[in-house]
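Dear colleague,

I am handing over the structure we spoke about, with the sequence alongside. Please keep it open while you read the notes that follow.

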Amino acid sequence: MKIKGPYVKGEQLIYLVSYPHVEQQKEGANTYNLGKVISINKRSGQSLWISSDLQYSSFEVKEFDNYIVSADKEGYMVFLDSKSGKVKGRIFVGPGIVRPVIKDDLLFVLTEDKLYGFKNNSWLFKIRLMLRKVRDWAT
């Protein structure tokens, strides 16, 4: 078992707990990783939410807008709601996904044969991004 984190988001401490999983098949065993994302209240230490088991190939606590971004073993980018831990969407990009890179309002994903770029065009996201930059500059 491995624990990554914490990623601090306001009053939340977000952790990734990962562990190996063996799936029995006719030809033999297929090993892949499972993980849960856990959000804990920074002040009380109580769990706010725990995600369901997620199969993944590359997983970090990366935030893009109000989502935690990961990649599953089937080649999908998975977007979890950072307030509830529920899967809000999946986008197929292909196998061999490496850890996503986030820069401002851009999300970059590299697979075995392509580089994908996603841009968040939400005006609310742009305002939050600008406020975060001002806060970081002021501290």
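V101 counts as partly exposed, because its relative accessibility is 47%, and this residue lies in strand β10. The model is a predicted one, which should be kept in mind for everything below. V101 contributes to a nonpolar surface patch of about 430 Å², which is made by V98, V101, F108, L110 and L115. V98, another member of that patch, is placed in the loop between β9 (87–92) and β10, and with a relative accessible area of 39% V98 is likewise partly exposed. Although V98 and T111 are 13 residues apart along the chain, their C-alpha atoms are separated by 6.4 Å.

The strand that holds V101 belongs to an open sheet of three strands, arranged in the order β10-β11-β12 with antiparallel pairing. Because β10 (101–103) and β12 (115–119) each have a single partner strand, they stand at the edges, and one side of each is left without a neighbour in the sheet. From one strand to the next, the twist averages 20 degrees. Between β10 and strand β11 (residues 106–110), which run antiparallel, there are three bridges, and K103 stands opposite L106 in β11.

The connection between these two strands deserves a separate look. D104, placed in the loop between β10 and β11, has a positive phi of about 55 degrees although it is not a glycine. D104 also forms a salt bridge with K103, in which the closest N and O atoms are 3.9 Å apart. In terms of accessibility, D104 counts as partly exposed at 30%, whereas K103, at 52%, counts as exposed.

Where else in the chain does the backbone show a positive phi in a residue that is not a glycine? D65 has a value of about 60 degrees, and this residue lies in the loop between β6 (58–64) and β7 (67–71).

Turning to charged pairs, a search of the whole structure finds four salt bridges, among them the pair of K103 and D104 already described. In another, the side chains of R43 and E11 meet at 2.8 Å, N to O. Because R43 lies in the loop between β3 (28–41) and β4 (47–50), while E11 lies in the loop between β1 and β2 (12–25), this pair ties together parts that are 32 residues apart in sequence. R43 counts as exposed at 72% relative accessibility, and E11, with a relative accessible area of 36%, is partly exposed.

The side chains of D53 and K36 also meet in a salt bridge, at 3.1 Å, N to O. Here D53 lies in the loop between β4 and β5 (54–56) and K36 in strand β3, so the pair ties together parts that are 17 residues apart in sequence. Both D53, with a relative accessible area of 41%, and K36, at 25% relative accessibility, are partly exposed.

How values were computed: Residues are numbered from 1 along each chain as its sequence is written. This is a predicted model: local features need pLDDT of at least 70, side-chain atom pairs count only at pLDDT 80 or more; totals for chains, interfaces and linings use all residues. Side-chain values use heavy atoms; hydrogens and water are left out. Two strands pair if DSSP finds at least two bridges between them. Helices (H or I, at least four residues) and strands (E, at least two) are DSSP runs, numbered from the N terminus. Axes are lines fitted to C-alpha atoms, for helices over the stretch in contact, and angles run from 0 to 180 degrees between N-to-C directions. Patches are made of residues with over 30% relative accessible area and no salt bridge: like charges are joined within 9 Å, nonpolar side chains (Val, Leu, Ile, Met, Phe, Trp, Tyr) within 5 Å. Accessible areas come from the Shrake-Rupley method with a 1.4 Å probe; for residues, only the protein chains shown count as cover. Buried means under 20% relative accessible area, exposed over 50%, partly exposed in between (1.4 Å probe, protein chains only).
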